[in-house]
Amino acid sequence: AKGAADYTQCAHVAPELWKEGDGMRLEIVENGWGEYVELGALAEQYWYIPKYVAEQDPTLGTYSGLVGEKNRRKLAETFLTPTSWKDYCDHISNSTCEEPDNVAQRYPQTPPEENSFFVAGSYTGHFRKTPEQDCDLNNATCYGHIADYPCDWASFLPIQAHHLGIALKSTGPDPVGGYSYSQLTQIWAAGNATRSPVMMMWWNPEYLWNRYLGTEYEFTHVVLPPPTASCKASLEEYNGRCTLNDPEAQYASPELAAGTCDYAPQSLRKMISTSLQELAQDPEEPSELWSPAYDVIRNYQLTELHMGEIFQNWQTMENNGGDTRLNLRRATCQWVGENLDLVDSWIPDSYPRTMVEQDFRTLNNDDKNGAYTAAFVVAFVVSVLLVLTLTITFWKRNTKIIYFLRLEWFYFVQLGLLFIAVGAWLIVIPQSQQPNDFADSSASVQCVASVWLFSAGYGWLLTPLLLRINAIYRLQINPRKTPLHRVKVGKRKLLKSLALVTIIVMCYL
């Protein structure tokens with residue numbers, strides 16, 4: 001994508017971002033597609049040399065020992081050019097690598113191998129003085145080698161070297177002389193394997209920096225002039241290294257003359273897509289059901305020291321062998337296990353959550369929802385209708401239809417329904433929160449009354465119906481039945497049955 005108009009969301013989180021190259025990222029934030037959040041780590045990038053080189057010649061560890069013509073030859077003779085495996089075999093090996101030597105065991109077999117500067121067990125790496133570095137041939141233009149980032153990474157090394165007057169140059173394979181990430185790691189490994197001085201751009205926190213910590217090839221900062229606001233502003237004018245037609249002409253631009261300072265440390269950030277928040281915290285869902293994912297990602301903080309601990313764990317596991325990716329996963333898990341208090345601080349309050357079914361009877365007036373209101377209204381309306389039905393039934397008790405329905409049967413069916421409706425009404429009435437009331441809802445009057453009403457109601461509703469069904473069944477199976485045969489269930493039998501059901505309910509409760 002070239003700008004905000006071309007932007008398409010392809011991820012929810014960018015877990016680590018440097019401030020360089022903020023152009024399009026700022027557009028993303030301004031358009032509301034994402035937000036920056038501090039990661040908690042302080043990042044640094046500098047020119048580096050191995051520790052043993054700085055100890056042998058301390059002048060190489062500061063710009064005052066690098067600037068000017070007086071130091072040109074020293075740099076050219078100290079920092080030689082790394083040689084790719086193919087170039088070594090084609091131009092330096094006496095047998096074009098048909099026979100193994102102390103540098104290469106064979107000829108490279110694939111394009112990645114051809115462009116490699118170190119392959120463990122096959123190519124130890126080689127550093128050589130190129131004709132351009134020979135100060136006897138090119139006294140005014142010879143230079144020492146420094147390995148720079150690839151062109152699509154932000155780097156001010158060429159500007160710093162030019163305007164400080166330091167005879168250093170990166171001559172890698174990319175358009176502006178940079179090297180890929182893997183090639184940079186190989187160059188440092190080759191220098192360590194052959195004990196050759198190397199100068200290189202690098203950064204921390206990063207695995208390679210931690211891998212060599214405590215060794216002779218530990219990364220040692222080459223100190224440039226301290227950063228200032230004007231220097232930083234000048235360097236920010238420089239961009240688009242991959243598209244330069246004449247890189248050296250732009251490096252020498254007077255507008256960049258103030259860009260001679262060292263890199264300032266910066267806080268790392270993460271970018272979180274707004275779509276993640278929309279997914280995790282859908283406003284159409286109750287907040288109790290929201291996922292904590294967005295808050296956890298936003299809250300997590302890792303300092304450079306924490307990252308260093310993970311890298312050290314990883315290096316220990318790498319020394320013991322095994323799959324690199326699996327080792328990294330194990331190293332991270334080990335760190336999490338050792339820092340559970342920190343990890344727990346990233347989890348939002350009230351998580352993890354346990355879903356508990358809400359008891360409608362314990363809701364106060366402010367917590368009433370649609371389901372509670374509907375249940376209350378329906379139970380009340382049904383109770384009122386049943387009272388009206390009982391009243392009308394009594395009023396019409398001498399009519400033919402009520403007489404043949406057997407009034408007492410009809411009463412008990414309606415009473416059973418009324419008990420059920422009143423029980424439903426009671427169970428959804430919010431209980432009082434006064435101190436003198438029962439604290440335990442299971443022992444409250446409403447709870448006990450609703451259970452009794454439900455049990456008695458269903459008993460009184462179903463008993464008359466089952467007795468009627470039983471009478472019809474006996475009528476059907478009676479072998480002496482006639483077309484006018486009649487079976488009568490007396491009031492006494494109904495009352496006895498209802499009494500038995502009531503006693504069973506009382507015993508059960």
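Which residue forms a disulfide with Cys-231, and how far apart are their sulfur atoms?

Analyst: One note before the details: this is a predicted model.

The partner is Cys-261. The sulfur atoms of Cys-231 and Cys-261 are 1.9 Å apart. A disulfide is a covalent bond between the sulfur atoms of two cysteines.

The angle about the S-S bond of Cys-231 and Cys-261 is -90°, and the link is left-handed. The pair connects distant parts of the chain. Cys-231 is in helix 9, which covers residues 229–235. Cys-261 is in the loop between helix 10 (247–251) and strand 9 (266–273). The two cysteines are 30 residues apart.

Are these cysteines buried or exposed? Residues under 20% relative accessible area count as buried. Cys-231 has 2% relative accessibility, so Cys-231 is buried. Cys-261 has a relative accessible area of 3%, so Cys-261 is buried as well.

What does the ring of Tyr-263 pair with? The structure holds 22 aromatic pairs, and one of them joins Tyr-263 to Phe-156. The ring centres of Phe-156 and Tyr-263 are 5.9 Å apart, with 20° between the planes. That pair is stacked. Phe-156 has a relative accessible area of 10%, so Phe-156 is buried. Tyr-263 is at 6%, so Tyr-263 is buried too.

Move on to strand 9, residues 266–273. Two charged side chains deserve a look here. The charged end of Arg-269 sits over the ring of Tyr-36, 3.8 Å from the ring centre. Lys-270 lies over the face of Tyr-300, at 3.8 Å from the centre of that ring.

Back to the disulfides, for context. How many does a search of the whole structure find? The search finds 3. One of them joins Cys-89 to Cys-97, with an S to S distance of 2.0 Å. Its torsion about the S-S bond is about -90°, so the disulfide of Cys-89 and Cys-97 is left-handed. Both Cys-89 and Cys-97 are buried.

Another joins Cys-135 to Cys-142, with an S to S distance of 2.0 Å. Here the torsion is about 90°, so the disulfide of Cys-135 and Cys-142 is right-handed. Cys-135 and Cys-142 are both buried.

Last, a return to the aromatic rings. Of the 22 aromatic pairs in the structure, take Tyr-48 and Phe-219. Their ring centres are 5.4 Å apart, with 90° between the planes. This pair is edge-to-face. Tyr-48 and Phe-219 link distant parts of the chain, 171 residues apart. Tyr-48 is in strand 2 (residues 34–50), and Phe-219 is in strand 8 (residues 219–222). Tyr-48 is at 3% relative accessibility, so Tyr-48 counts as buried. Phe-219 is at 4%, so Phe-219 counts as buried.

Tyr-48 and Phe-219 also belong to one aromatic cluster. Among the members of that cluster are Tyr-46, Tyr-52, Trp-153, Trp-188 and Tyr-217.

Terms used: Residues numbered from 1 in each chain as written. Predicted model: local features only at pLDDT ≥ 70, side-chain atom pairs only at ≥ 80, totals over all residues. Heavy atoms only, no water. Disulfide = S-S within 2.5 Å. Buried < 20%, exposed > 50% of the residue type's maximum accessible area, 1.4 Å probe, protein only. Helix = DSSP H or I, 4+ residues; strand = E, 2+ residues; numbered from the N terminus. Phe/Tyr/Trp six-rings, centres within 6.5 Å; stacked < 30°, edge-to-face > 60°. Lys NZ or Arg CZ within 6 Å of the ring centre and 35° of its normal.
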